[in-house]
Amino acid sequence: MRLGMVGLGKMGGNMAQRLTRGGHELVVFDRDPEVTRAVAEASGAKAAASLQELVAALEPPRAVWVMVPAGPPTEQVLSDLADICGPGDVLIDGGNSNYNDSKRRAAELETRGLRLMDAGTSGGIWGLENGYCLMVGGAPEAAAVCEPVFRTLAPEGGYAHVGPSGSGHFAKMVHNGIEYGLLQAYAEGFEILHKSGFEYDLEGVASLWNHGSVVRSWLLELLERAYAEEGPALERIKDWVADSGEGRWTVETAMALDVPAPVITLSLLARFRSRQEQSYSAQVVAALRNQFGGHSIKTTDGAGA
């Protein structure tokens, strides 16, 4: 296929390379001209200086993949493309958009003769070599048009058209919610090992558990790699964890559907705690225990009471 790619960050740039390696012709654009130039050179794609130039370089019916941050950036790019593209063209949102936004955008674009595919994309920085897992929502006929691209990006068995507009990003939202829980479980387990007093080789345990254990996984392989690079204390890495928004949406959706999701919910709250320099709620608990039971407290001057 001939495809436009808008947004050439860590994932978009690697996706462009994987697609050209697979024989597709790409026209690429990023708001940073230097990034556009670098990705075009690395992938053999044609560089475009603007969205207008990108669209003009594609023959109708066009297909344009948008890989920019969710929220206002995606909204703006899709709106700009809608003004430039024509009936029958397909726009693909591969970012982590909220599935409700994807449903709304698909309906709005349909009134203009445009088709939107929401492609939940997992694979991170390893996708260039390993492929990307793609959960695609939208009209079946639009999915069929873009299927050669999807199958090139994904490993064997790693692409599925999962349903109508919004379903791809819904599946990716739940995927990321599950990821929150898995990461938290590994983190808590390895902290217990770290503080056990047994002086475990944590890199070795991660490796051990990847051989025959029921908890073996790619995440454990990555943890083994992290320990090899950073050391067992992970001293260089601050205990501050961001969230992309999809964990929040998963919890909100679970509540709306009356689905109990305690593990995912608590893993999200643990990330919030990681961003506090100090916990006021913990101070309140300490003060209350001191008041009702005379339990000791640690004061800011380092003394105990």
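Buried means under 20% relative accessible area, exposed means over 50%, and partly exposed lies in between (1.4 Å probe, protein chains only). The model is predicted: local features need pLDDT of at least 70, side-chain atom pairs count only at pLDDT 80 or more, and totals for chains, interfaces and linings use all residues. Numbering starts from 1 along each chain as its sequence is written, and side-chain values use heavy atoms, without hydrogens and water.

View A. Helices (H or I, at least four residues) and strands (E, at least two) are DSSP runs, numbered from the N terminus. Glu108 is partly exposed at 40% relative accessibility. Arg104 is partly exposed too, at 31%.

**View B. Glu229 pairs with Arg225 in helix H10 (residues 218-230).** Their closest N and O atoms are 3.3 Å apart. Glu229 is exposed at 53%; Arg225 is partly exposed at 43%.

**View C. Arg248 and Asp243 form a salt bridge.** The N to O distance is 2.9 Å. Arg248 is partly exposed at 35%, whereas Asp243 is buried at 16%. Elsewhere, salt bridges with shared partners link Glu75, Asp93, Asp101, Arg104, Arg105 and Glu108 into one network. The whole structure holds 18 salt bridges.

Methods: A salt bridge is a side-chain nitrogen of Lys or Arg within 4 Å of a carboxyl oxygen of Asp or Glu.
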